[in-house]
Amino acid sequence: MSYASNDEVRGVLIQAGAERVLLPNATVAEMMSRVPVQPIEGAPDWLAGYIAWQGWEVPLLSYARFNGGDEPVSGSNKVVVLKALGGNPEMPYFALLTQSFPQLIAVPRDGLLADASEESLPQGVHMRVLLGEQSALLPDLDAIESAVVAALAAVV
């Protein structure tokens, strides 16, 4: 059976710590590797620092650390720059660390199933979904963006 394009959800699958994260394709601005990171003194450990991108200082966060996991920030990092949806002119973008090259995927709408096996979800997670036999996290991008704005305001 073939699916029309409106019957598919297009996304970008990244690895964040031990979890796979499914990002909406429309929010992804660019994917990069080996990006220098400028640390932010006094920031929470999940806020890795700033990266320079397209003339902007873009805050970079570790989604794995944000969720309470662990993720190293190394010189061989890979970064996904996302369009911020909150309308803040001072922060139109933020970025996430990933351990592997992001994978473009198209999931049939009826193939994206909610995984209700957890009673509570980690911070910044909208829901866990099943992609075939594997699970992935759907991030709550609004909550993540708000947390980044609040963390940056606290260190200024």
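I read the elements of the protein chain from the N terminus on, and they run β-β-β-β-β-α-β-β-β-β-β-β-α. I counted 2 helices and 11 strands; helices (H or I, at least four residues) and strands (E, at least two) are DSSP runs, numbered from the N terminus. The radius of gyration is 16 Å, close to the 15 Å that the globule rule gives for 156 residues, so the protein chain is as compact as a globular protein of that length. That radius is taken over C-alpha atoms, and the rule is 2.2 Å times the number of residues to the power 0.38.

I noted the ground rules. This is a predicted model, where local features need pLDDT of at least 70 and side-chain atom pairs count only at pLDDT 80 or more, while totals for chains, interfaces and linings use all residues. Residues are numbered from 1 along each chain as its sequence is written, and side-chain values use heavy atoms, with hydrogens and water left out.

I looked up an open sheet of 5 strands and found the order 3-6-7-5-4, with mixed pairing. Its edge strands are strand 3 (28-33) and strand 4 (47-53), each pairing on one side only. Two strands pair if DSSP finds at least two bridges between them.

I then followed strand 5 (56-61). Strand 5 pairs with strand 4 in the antiparallel sense over 6 bridges, and A52 stands opposite E57 in strand 5. These two strands form a hairpin with 2 residues between them, and Q54 in the turn has a positive phi of about 50°. With strand 7 (residues 93-98), strand 5 pairs in the parallel sense over 2 bridges. There I found L60 opposite A95 and L61 opposite L96.

**Entry: the largest pocket**

Which residues line the largest pocket? I listed Y50, E57, P59, N88, E90, M91, V149, L152 and A153. On a 1 Å grid over the protein atoms alone, a pocket is an open set of points where a 1.4 Å probe fits, with protein on both sides within 12 Å along at least five of seven lines; lining residues have an atom within 4 Å of a point.

Helix 2 gives the most to this lining, with 3 residues. Strand 5 and helix 2 (141-155) each supply at least two. I sorted the lining into 6 nonpolar, 1 polar and 2 charged residues; Ala, Val, Leu, Ile, Met, Phe, Trp, Tyr, Cys and Pro count as nonpolar, Asp, Glu, Lys and Arg as charged, and the others, Gly among them, as polar.
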